[in-house]
Amino acid sequence: MRKIFGISLTVAAVAAAVLIPGCAKQTNYCDYISEKRFGIYMFEDDNESIKVCCSEKESPFNADGIKGQTAELVEIYASLSGSYDEVTISGENISGGEMSYLTVKGCWYLSYSGFPEGDQLQLELTCDGKTQTYTLISVAEGGTLSCEQALQCVVEYDASLFEGMTKNGIFNGEIFVRLIYDENCYYYVGVCGTDGNIHAYLVDGQSGRIIAEREHRI
């Protein structure tokens, strides 16, 4: 009995010697997220739509496979039914101000640093002096995965990609995780190498199932 116990200790010691270095080199891929869009608030009717996106994003953003310093970013997009010369926005939980018109997107836009809180936002838009109040609802319902959980689903789905981009516990790339809403919640997860090539995955926001994948460049 003593001999078997001694052998067991020896095996355990060898196993520990093998596993400890491996554990020390385990990689937390969340540390390499350079863009994380985790929140979306929406108002939409037949004529108008307003969307507020909350992110932590590399600034300045550069898809070069290297994570830079990230900063808080709130972006507000307003597609309005009328044509206006000036649009301003205000609300209790946001930093308001004058919006700019984005010709390419055909909408009004404002960005600032600092996140709103709660499941709803009450916003006031003043368009050429006329003010209207809107209630925006968070699209992330109970059971929606977090950005980190969505990334973990992709890591498990395509482990060979991450292993091939990881050396000595260091991941040679950066990762984009963006919450998307199109009647339901989804995540875009982009894995960008230093060559600028991006492996992209569309993840179901509830189940974590990988719906689609492709390769592209910014």
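Begin with the surface of this predicted model. The protein chain exposes about 12700 Å², of which carbon and sulfur atoms supply 49%. Of the 218 residues, 39% count as buried. Among contacts between residues at least 6 apart in sequence, 54% join residues at least 24 apart.

**First stop: Lys-36**

Select strand E1, residues 33-44, and display the side chain of Lys-36 within this strand. Is Lys-36 buried or exposed? Lys-36 counts as buried because its relative accessibility is 17%, below the 20% limit. Next, show its surroundings: apart from neighbours within four places in sequence, Lys-36 is in contact with Cys-54, Ser-55, Glu-56, Cys-147, Glu-148 and Val-177.

**Second stop: the partners of Lys-36**

Side chains of opposite charge can pair when their charged atoms come close. From the contact list, select Glu-56, whose side chain meets that of Lys-36 in a salt bridge with an N to O distance of 3.9 Å. Glu-56 belongs to strand E2 (residues 49-58) and Lys-36 to strand E1, so this pair ties together parts that are 20 residues apart in sequence. Glu-56 is partly exposed, with a relative accessible area of 31%.

Because Glu-148 lies in helix H2 (residues 147-157) and Lys-36 in strand E1, the pair ties together parts that are 112 residues apart in sequence. Glu-148 is partly exposed, its relative accessible area being 31%. The two side chains are also joined by a polar contact of 2.9 Å.

With the three residues displayed together, a network of salt bridges can be followed through Lys-36, Glu-56 and Glu-148.

How many salt bridges does the model contain? The count comes to 3. To see another of them, select Arg-178 and Glu-35, whose closest N and O atoms are 2.9 Å apart.

Key. Residues numbered from 1 in each chain as written. Predicted model: local features only at pLDDT ≥ 70, side-chain atom pairs only at ≥ 80, totals over all residues. Heavy atoms only, no water. Buried < 20%, exposed > 50% of the residue type's maximum accessible area, 1.4 Å probe, protein only. Contact = heavy atoms within 4.5 Å. Areas by Shrake-Rupley, 256 points an atom, 1.4 Å probe, with all protein chains shown as cover. Helix = DSSP H or I, 4+ residues; strand = E, 2+ residues; numbered from the N terminus. Polar contact = N/O pair within 3.5 Å; in protein donor to acceptor, adjacent residues only side chain to side chain. Salt bridge = Lys/Arg side-chain N within 4 Å of Asp/Glu carboxyl O.
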